Amino acid sequence: MPKYVYRFDEGRKDQRDLLGGKGANLAEMTRIGLPVPPGFTISSEACRAYMRDGHLPPGLRVEVTTALRQVEDALGRRLGAPRDPLLVSVRSGAKVSMPGMMDTVLNVGLTDASVQGLADMSGDERFAWDSYRRLVQMFGATVLGIDPRPFGEALDARKAAVGAVSDVDLTADDLRGLVDEYLQIVRTTCGREFPQDPREQLDLAIDAVFGSWDTERARLYRRRERIPDRLGTAVNVMAMVFGNLGADSGTGVAFTRDPSSGHAGAYGDYLPNAQGEDVVAGIRNTLTLDDLHARDPASYDELLAAMRRLETHYRDLCDIEFTIERGRLWLLQTRVGKRTAGAAFRVAVQLVDEHLITLDEALARVTGEQLGRLLFPQFDRTAGAPLLTRGLGASPGAAVGEIVLDNAQAIERTQAGAQAILVRRETNADDLVGMISAAGILTARGGKTSHAAVVARGMGRCAVVGAEALDVDEVRVDDAVLRPGDVIALDGTTGEVFRGEVPVVDSPVLRYVAEGLDAGLRSAADDGVRELVHAVHRLLTHADSVRRLRVRANADTADDARRARARGAEGIGLCRTEHQFLGERRRHVEQVVLAGGEDERQAALAALLPLQRADFTDLLEAMDGLPTTIRLLDPPLHEFLPNLTELSVRVALAEQRGQVDEHDVRLLAAVRRTHEQNPMLGLRGVRLGLTVPGLFAVQVRAIAEATVELRRAGRDPRPEIMVPLVGSAREMQLVRVETERVLAEVAAGSGERLRMPIGCMIELPRAALTAQRIATQADFFSFGTNDLTQTTWGFSRDDVEGSFFPAYLDNGVLTVSPFETLDADGVGALVRAGVESGRSARPDLHCGVCGEHGGDPESIHFFHQVGLDDVSCSPFRIPVARLEAGRAAVTVGDDATV
């Protein structure tokens with residue numbers, strides 16, 4: 001039979017698949033001799049068996065008994081014994097950190113019979129009853145599924161009745177009475193008594209952890225973070241140590257570096273006379289580690305030594321949960337800490353300078369998504385916006401939106417197109433839906449390691465916590481009365497909360513990528529921001545030095561090209577020439593369509609030539625010395641012509657008035673003649689070029705003449721001609737013959753030698769599957785993954801994203817839109833086939849991608865693996881693509897499969 005249960009001293013940190021993140025790290029801390037309470041982990045294999053079979057695996061209870069007895073023997077206590085009882089905590093722990101998925105259940109094993117034994121053992125009756133009320137509350141909400149609000153209301157009522165300000169002011173008698181109320185809540189709600197068998201409590205808690213994997217909020221979190229459902233979760237059972245034994249005890253969360261800013265030095269929150277969940281729940285505002293130093297210097301020094309040891313061992317910023325029990329330090333958890341985007345870059349470079357990691361490792365530890373967040377605008381500090389209050393900046397960023405007070409409001413306003421700021425006293429796991437919907441989070445309670453802070457940092461949401469002046473019940477700050485729907489602005493870096501909207505300015509990192517290092521440094525407000533700009537520069541420069549994928553831009557105008565070049569583009573991968581015929585220029589295409597004969601058509605095309613030549617001259621000059629791929633016209637023809645219904649009405653009304661416009665009549669006939677039911681799969685691309693004589697030829701001539709003009713001016717234009725929507729080699733051959741004829745004519749007339757690459761887009765499944773034949777006629781391939789996704793899935797992008805995509809995402813049919821991240825299994829298989837097939841016929845075939853997937857981090861790694869030469873994306877995403885191309889090289893290696 002498989003083994004499902006592992007003592008902490010049996011595992012190690014590289015067994016995350018089996019033991020989950022918490023279990024693997026508890027095992028590793030035990031292995032290197034740090035003070036970890038004894039315990040054991042039930043593997044994620046058991047959870048997968050539970051999900052598959054609908055019940056716990058046979059033999060699991062036996063393994064749990066064996067491991068539990070080993071813990072009991074090590075401590076000389078028995079689970080829930082009437083005298084000197086052993087109590088345990090039960091926690092979930094998947095391979096990937098999922099904050100807020102299931103609350104920990106503490107003090108499992110405590111019963112009516114053993115609570116007095118706990119009091120005698122500790123010498124503190126208040127502590128015993130406080131531990132019991134916590135168990136009943138946590139077990140009731142987490143294991144028995146009771147709404148937690150009645151427990152909170154009973155606690156608040158008891159404090160109000162005795163005049164207590166906080167939980168620690170309640171006496172043993174107060175807590176004994178509160179336990180009776182809690183037990184009655186369980187009895188009334190569940191129709192049963194609270195379990196008085198310690199082993200039954202443990203077994204039910206283990207079942208609840210496995211069951212929590214499939215809750216709605218867990219599925220929501222996994223969908224958002226794209227965590228596979230099949231992973232399952234491990235269960236960690238640990239002997240209890242107590243931070244609520246008085247002033248010499250406490251609990252806290254510490255980071256080896258500030259996860260918000262990345263600044264070096266011990267950082268964290270501490271609560272004296274408290275158990276672990278009090279810190280992350282945010283129900284009491286915390287003390288700092290400096291306060292711990294003043295209260296208990298010995299424990300503080302031991303904690304710092306453990307933090308340094310862990311950071312050295314993991315070679316990264318570590319997040320540590322700890323408890324001090326009457327002056328003795330215990331470590332309850334560690335993990336590589338979640339951090340903000342700015343902290344990620346700072347910490348990575350710091351660890352390089354401290355010689356803990358290499359530059360390659362530092363590059364692997366930051367992401368394009370994090371860089372993208374640093375490019376977002378920031379509040380204009382000179383705007384003088386009215387300050388409402390100030391809290392702790394827990395997750396940087398700038399967020400402006402309407403106040404919402406619960407999940408339902410957050411979802412409603414977001415679906416209505418508004419930005420929402422979720423305002424809560426404190427958050428818990430049930431608020432996850434609202435936190436995902438909201439643009440920012442504001443809480444009245446909690447520190448930088450509270451639930452709101454940790455989850456917001458993990459999601460990249462702006463958050464301000466611990467704004468003590470905020471009264472959430474009355475929605476007011478001092479004398480300022482607020483209402484749901486009022487607009488506020490959060491600065492997640494400074495912790496400031498403003499009333500109304502605040503103008504924004506470019507971030508220093510955006511100034512750096514757009515204008516250079518000096519501009520970025522000049523715009524930085526302080527040394528910390530300058531440090532960030534330097535860190536981004538260092539890692540982006542390293543990415544450029546190691547990446548194999550070149551990065552080009554999708555740019556249609558000279559301004560776009562200059563913007564892209566400033567951001568590091570190494571050429572243009574897609575110039576959409578149809579975008580050059582919008583507005584007033586549409587009439588030139590109308591004249592081509594309306595032409596009654598060859599002479600009229602040639603005259604209309606001749607009118608297009610100088611316009612296109614000027615466009616291409618400007619574009620090629622802006623990209624001087626860099627390859628510039630120009631796609632020949634590829635819109636559905638209807639985009640150049642008036643709307644059929646509107647034009648029909650106009651002509652009919654004119655006829656009624658006797659004011660017939662012959663141009664409109666001819667135009668209507670042409671629109672009717674070219675009207676299509678599905679124009680995206682109709683007369684466009686190469687089909688348009690083959691059926692409207694001279695249309696592609698005039699564009700090629702304009703490119704050639706622009707090239708000649710720039711060469712004579714001493715420039716180095718490098719145009720590449722790309723044919724859209726090719727589905728067969730014969731289509732490509734016909735356009736290539738015409739293109740080479742025009743190039744030869746211009747070359748003969750100018751005396752310039754004109755040889756430029758002629759390639760095609762691969763955006764139809766047939767093109768990918770017949771790429772070997774098409775490659776005989778094409779100098780390069782560029783995968784148009786937007787249309788390739790549409791034609792592979794049978795999705796009309798403009799229609800499906802607003803209709804059934806939300807249902808598909810909710811039901812798990814899709815985990816992400818295939819228009820955002822490439823569908824590697826389907827569309828990706830066609831890309832791979834196209835590259836392999838094309839290069840089998842032409843080994844030197846240059847292959848790139850010009851769909852917006854070229855700027856998506858995950859997709860870029862796929863393109864690296866299949867051996868593409870370049871990616872092309874919008875100018876704003878150029879820095880992200882550069883970084884991810886470098887990360888692909890150091891995390892996957894230069895192991896192209898073709």
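**Rings, helices and loops**

Modeller: Let's start with rings: Trp129, Tyr132, Phe139 and Phe194 are linked into a cluster by ring pairs. Rings of Phe, Tyr and Trp (its six-membered ring) pair if their centres lie within 6.5 Å; planes under 30 degrees apart are called stacked, over 60 edge-to-face, and the rest tilted. Before we go on, this is a predicted model, where local features need pLDDT of at least 70 and side-chain atom pairs count only at pLDDT 80 or more, while totals for chains, interfaces and linings use all residues. Residues are numbered from 1 along each chain as its sequence is written, and side-chain values use heavy atoms, leaving out hydrogens and water.

Colleague: Okay, how many aromatic pairs are there by that rule?

Modeller: The count comes to 14 aromatic pairs. One of them is Phe781 with Phe783, which is edge-to-face, with 6.4 Å centre to centre and 85° between the planes.

Colleague: Are Phe781 and Phe783 buried or exposed?

Modeller: Phe781 is buried at 1% relative accessibility, and Phe783 is buried at 0%. Buried means under 20% relative accessible area, exposed over 50%, and partly exposed in between (1.4 Å probe, protein chains only).

Colleague: And how are the rings of Trp793 and Phe795 arranged?

Modeller: Their centres are 5.0 Å apart and their planes are at 15°, so that pair is stacked. Trp793 is partly exposed at 31%, whereas Phe795 is buried at 9%.

Colleague: Switching to helices: at what angle do helix 13 and helix 21 pack?

Modeller: About 70°, with their axes 9 Å apart. That makes helix 13 roughly perpendicular to helix 21. Helices (H or I, at least four residues) and strands (E, at least two) are DSSP runs, numbered from the N terminus. Axes are lines fitted to C-alpha atoms, for helices over the stretch in contact, and angles run from 0 to 180 degrees between N-to-C directions. Under 35 degrees counts as roughly parallel, over 145 as roughly antiparallel, 65 to 115 as roughly perpendicular, and the rest as oblique.

Colleague: What kinds of residues make up the contact of helix 13 with helix 21?

Modeller: They divide into 9 nonpolar, 3 polar and 4 charged. Here Ala, Val, Leu, Ile, Met, Phe, Trp, Tyr, Cys and Pro count as nonpolar, Asp, Glu, Lys and Arg as charged, and the others, Gly among them, as polar.

Colleague: What about helix 22 and helix 24, how do they cross?

Modeller: Their axes come within 8 Å and cross at roughly 10°, so helix 22 and helix 24 are roughly parallel. Ala558, Ala561, Arg562 and Arg565 in helix 22 meet Asp618, Leu619 and Ala622 in helix 24, where contact means heavy atoms within 4.5 Å.

Colleague: Now loops. Where is Arg547?

Modeller: Arg547 sits in the loop between helix 21 (527–546) and strand 26 (550–554). Arg547 is buried, at 6%. Its side chain makes a polar contact with the side chain of Asp544 at 3.0 Å. A polar contact is a pair of N or O atoms within 3.5 Å; within protein, one must be able to donate a hydrogen and the other to accept it, and residues adjacent in sequence count only if both atoms are side-chain atoms.

Colleague: What's the phi of His355?

Modeller: Near 60°, a positive value in a residue other than glycine. Most residues other than glycine have a negative phi. His355 is exposed at 72%.

Colleague: And Leu725, buried or exposed?

Modeller: Leu725 is buried, at 3%, and has a positive phi of about 60°.
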